[in-house]
Amino acid sequence: MSTNIVILQGALGADAEVKTMPKGGFVMNLRIPTSESWVKDGVKQERTDWHNCTQFFREEPKIAPYLTKGKAIIVTGKLRNESYEKDGEKKY
């Protein structure tokens, strides 16, 4: 049993993006915002986190045209953060 399980529920922040891989296959990227709100000292506070989700396919995903901005979605998968350097600055 895997201990790295994540369930995200939200509305897509952009249309699904599908790209062809150099050695064949496809990759689909989704951007999903999740928000939370609370009241502190009588003032409503809100925070939104953006999640970049990636899924790989052997064939072009037929679901991609239906995954449009604002569409409600639930995604289950593994959580993994990646980092890279751009212009000498580390990004995640």
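Is Asp49 buried, partly exposed or exposed, and at what relative accessibility? Keep that residue in view as we walk through the charged pairs of this predicted model. At 32% relative accessibility, Asp49 counts as partly exposed, because that class lies between the buried limit of under 20% and the exposed limit of over 50%.

Asp49 has a charged partner. Its side chain meets that of Arg47 in a salt bridge, at 3.5 Å from N to O. Arg47 has a relative accessibility of 43%, so this residue counts as partly exposed too. From here the picture widens to take in a further residue: Glu36, Arg47 and Asp49 are joined into one network by salt bridges that share partners.

Let us step back for a moment.

How accessible are the two partners? Glu17 has a relative accessible area of 38%, which means it is partly exposed. For Lys19 the value is 45%, and this residue is partly exposed as well.

Now move along to Arg80 and Glu82. Their side chains also meet in a salt bridge, here at 3.3 Å from N to O. Where the residues of the previous pair were partly exposed, Arg80 and Glu82 are both exposed.

Methods:
Residues are numbered from 1 along each chain as its sequence is written. This is a predicted model: local features need pLDDT of at least 70, side-chain atom pairs count only at pLDDT 80 or more; totals for chains, interfaces and linings use all residues. Side-chain values use heavy atoms; hydrogens and water are left out. Buried means under 20% relative accessible area, exposed over 50%, partly exposed in between (1.4 Å probe, protein chains only). A salt bridge is a side-chain nitrogen of Lys or Arg within 4 Å of a carboxyl oxygen of Asp or Glu.
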